[in-house]
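Here is a short tour of one chain, written for someone who likes cut-offs stated next to the values. Have the sequence and the model open as you read.

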Amino acid sequence: MQRAALLQHLAADLRDELAQQADLEQLLERQEQALSSRDASGLEDLNGAIERAFRAAEQRQARRERLVRGLADDQGIAPGIATLGALVERLGDEGWELAEQRQELRAVCARVLQRARRNGALIAAHRRVTGDVLAALLGDRTERDAVGGGVLVDAEV
């Protein structure tokens with residue numbers, strides 16, 4: 001694929017990633033609201049949507065890595081060290097759109113990460129409170145069985 005086509009594809013991919021990350025940020029905001037309002041059914045639906053969004057992000061990342069590798073080959077950059085930042089730097093004026101999109105993407109990803117961490121802390125706090133209540137009402141062993149025994153592990157990760 002020629003450089004111009006690779007640049008167009010990468011710019012389109014970054015626009016798509018920006019939109020998807022903005023959607024994920026909204027999902028995480030809704031998750032926080034559901035956690036605060038104790039909306040269990042809404043939370044379950046949101047968790048499924050968030051999981052699907054993360055899986056889709058993995059697929060987009062693989063596609064973007066292929067495009068970056070293609071541009072790295074064109075620019076004479078070793079594939080192992082090729083990053084979007086390195087490409088933007090090498091492309092100069094030709095990569096201005098990518099540079100802007102990269103900055104926007106970094107900002108939205110930072111917000112998503114911050115919100116995800118905040119939600120994680122809120123979930124952990126809910127879990128501790130629930131564990132403490134169960135321990136106080138039912139005793140130490142019942143709480144351990146109810147909370148510790150109910151943890152699911154995603155073996156695909």
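Is Gln101 buried or exposed? Gln101 is buried, with a relative accessible area of 6%; buried means under 20% relative accessible area and exposed over 50%, with partly exposed in between (1.4 Å probe, protein chains only).

A word on the source before going further. This is a predicted model, in which local features need pLDDT of at least 70 and side-chain atom pairs count only at pLDDT 80 or more, while totals for chains, interfaces and linings use all residues. Residues are numbered from 1 along each chain as its sequence is written, and side-chain values use heavy atoms, with hydrogens and water left out.

**Overall fold**

The chain has five helices and zero strands, so called from DSSP runs numbered from the N terminus (helices are H or I with at least four residues, strands E with at least two). Of its 157 residues, 30% count as buried. Among contacts (heavy atoms within 4.5 Å) between residues at least 6 apart in sequence, 64% join residues at least 24 apart.

Gln101 lies in helix H4, and its side chain reaches the backbone oxygen of Ala11 at 3.2 Å. Leaving aside neighbours within four places in sequence, Gln101 is in contact with Ala11, Leu14, Arg15 and Leu18.

Asp13 belongs to helix H1, and Arg60 to helix H2. Not counting residues up to four places away in sequence, Asp13 touches Arg60, Arg63, Arg64 and Leu67. Gln20 is 40 residues from Arg60 in sequence, and their C-alpha atoms are 9.8 Å apart.

| Residue | Relative accessibility | Partner of the side chain and distance |
|---|---|---|
| Asp13 | 3% | Arg63 side chain, 2.8 Å |
| Arg60 | 7% | Glu17 side chain, 2.5 Å |

**Helix H3**

Which residues of H3 are buried? In this helix (residues 84–91) they are Leu84, Gly85, Leu87, Val88 and Leu91. They cover an arc of only 160° around the axis, which puts them on the same side of H3; the arc is that of the directions from the helix axis to the C-beta atoms. These buried residues pack against helix H1 (3–37), helix H2 (40–75) and helix H4 (96–138). Just after H3, Gly92 takes a positive phi of about 60°.

**The largest pocket**

The largest pocket has a volume of about 550 Å³. Here a pocket is an open set of points on a 1 Å grid over the protein atoms alone, where a 1.4 Å probe fits, with protein on both sides within 12 Å along at least five of seven lines; lining residues have an atom within 4 Å of a point. The volume is the space filled by probe spheres set on the points, which are joined across faces, edges and corners.

The pocket is lined by 21 residues, of which Glu17, Gln61, Arg64, Leu105 and Cys109 lie nearest its centre. H1, H2, H3 and H4 each supply at least two lining residues. By class, the lining has 11 nonpolar, four polar and six charged residues; Ala, Val, Leu, Ile, Met, Phe, Trp, Tyr, Cys and Pro count as nonpolar, Asp, Glu, Lys and Arg as charged, and the others, Gly among them, as polar.

Conventions. A polar contact is a pair of N or O atoms within 3.5 Å; within protein, one must be able to donate a hydrogen and the other to accept it, and residues adjacent in sequence count only if both atoms are side-chain atoms.
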